[in-house]
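User: Can you walk me through this model? I'd like the packing details.

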Amino acid sequence: HCDKDLSVGDGDAANLLVEGDNLAALKALLPFYAGSVKCIYIDPPYNTGNEGWIYNDNVRAPEIVRWLGETVGREAEDLSRHDKWLCMMYPRLVLLRQMLREDGAIFISIDDNEVHHLRALCDEIFGSRNFVANIIWQKNYAPKGSARHFSESHDHILIYAKDAIIWERNLVPRSDKQDKLYKNPDKDPRGLWRPNNLAARNSYSLGTYAITTPSGRVIEGPPKGSYWRVSKQKLEQMDKDGRIWWGHDGKNVPAPKIYLSEVQQGVVPFTIWPYDEVGHTQEAKKELISILPDAESVFITPKPTRLIKRILQLATDKDSLVLDSFIGSGTTGQAVLSLNAEDGGTRRFIGVEMEPRIARPVTRERLKRVIEGYGEGDKRVAGLGGGFRFCTLGESLLAPDGQLRAGMEFWDVAHFLFFSETGRPLPQKLSANGPFLGACENTGYFLWLDGALDAARLAATKEHRGPKVLWAPSCRLSRARLDKANAVFKQLPYEMRLR
């Protein structure tokens, strides 16, 4: 349910910040967004046993203990810390997989405490063939003298695709440092270029010939153990075309030119991400404190915006939907807004934070300031613009006695029923209060929240010519009458099913 007083910017903003347990939130979001998310990033509890700060990452946290008791039962008392962490993660990852588009992927931050367990869990849920990479992020830039054995300097980011055959990553944008390697000392009309090595180690039958340089120097052949990478005929063609650099005095070993205008406008990503490229934890803390000075005591190891932007650059299009169900301090939302401001994109984000003490004063406030601007005087930082709807979780559709809860909105029930039947989000609101919800694979779905399905209501379904599923509290029609109309009656709430 949208809270207009806590929402920021445009009241119809496509971005969502949801306060509530992320398992319940994902279940509530599924009928609206199943199969719609291009990129998921989550930074779940690392399960280190750290209880020294508000947003602790210990599975003995009251919220997790309560959930384990309700879901696993008394057996949870005998589980190890790792068992409990896996019990917490499993259903959330199952739901997150359902949220992904077929060409989508999930990125999960984790450290050495649980990376091996998480890898096995994701192999089971996503399939081992859909494992893409294990990114090593250099999160610290200086060693810790207090470390007992080794100073930990990295985290992992596991990447799994919904379908690795379909998923395609983007290139990493070229950096200024990379582009500075390109010069044009000979004023080549094709523009900036850099020299490449003519010698290569790959065996090449036409790559062992002598070369005479423009200065008359004879190079007998390639260095020992290597070969020229092009044939003599190809080298002569390239030289005639001005694509060979012999040095200022014409004595050098010929170097083929690589032109900036002809290279990919991006680079293939490595699996090691150094802090100078994507930031480190100290940078992330300073960034958060500059926006929210009081947040230092809440988040001791937030993620830098540059890290999340790198993920978004690799895994999203300009109009993609991004989900973070452990959004914490709100870095993912800021990264989406920042990248949109840079490239003109219209990416949207959904973030979920379970703790009100964080969701409102930290996550919401950070995103509000990033959108509207923050700081004073010369240190004022302009806002990125945009907005988000602040949402809370309402009551479940069904009351404890199994009946539909009184006062339920028509479209809340409609979204759930359509998704439970089809596995797809409801395509659109076709009318203010139904009864036609939409069609899926030629089957039409109709809903009445009160009254009985009678002849008049059945006649109103003639607009759909294919098979029909008709939801209502009761039915006054015979099975033969329904069969003749190619319709199936389903009684509310008794035939409602959870996926």
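Analyst: Start with Ala295, which is buried at a relative accessible area of 1%. Buried means under 20% relative accessible area, with a 1.4 Å probe and protein chains only. This is a predicted model: local features need pLDDT of at least 70, side-chain atom pairs count only at pLDDT 80 or more, and totals for chains, interfaces and linings use all residues. Residues are numbered from 1 along each chain as its sequence is written, and side-chain values use heavy atoms, without hydrogens or water.

User: Where does Ala295 lie?

Analyst: In the loop between helix H8 (281-291) and helix H9 (305-315). Helices are DSSP runs of H or I, at least four residues, numbered from the N terminus.

User: How far apart are the C-alpha atoms of Ala295 and Pro361?

Analyst: They are separated by 8.8 Å, and the two residues are 66 apart along the chain.

User: Switching to H10 and H11. At what angle do they cross?

Analyst: Roughly 15°, and the axes of H10 (residues 331-343) and H11 (residues 356-372) come within 9 Å. Axes are lines fitted to C-alpha atoms over the stretch in contact, and angles run from 0 to 180 degrees between N-to-C directions. The pair is therefore roughly parallel, a label for angles under 35 degrees.

User: Which residues make the contact?

Analyst: Thr331, Gly333, Gln334 and Leu337 of H10, with Arg366, Leu367, Val370 and Ile371 of H11. Contact means heavy atoms within 4.5 Å.

User: Now H1. Which residues are buried there?

Analyst: In H1 (residues 22-33), they include Leu23, Leu26 and Leu30.

User: And what follows H1?

Analyst: Gly35, with a positive phi near 70°.

Terms used: Helix = DSSP H or I, 4+ residues; strand = E, 2+ residues; numbered from the N terminus. Parallel < 35°, antiparallel > 145°, perpendicular 65-115°, else oblique. Buried < 20%, exposed > 50% of the residue type's maximum accessible area, 1.4 Å probe, protein only.
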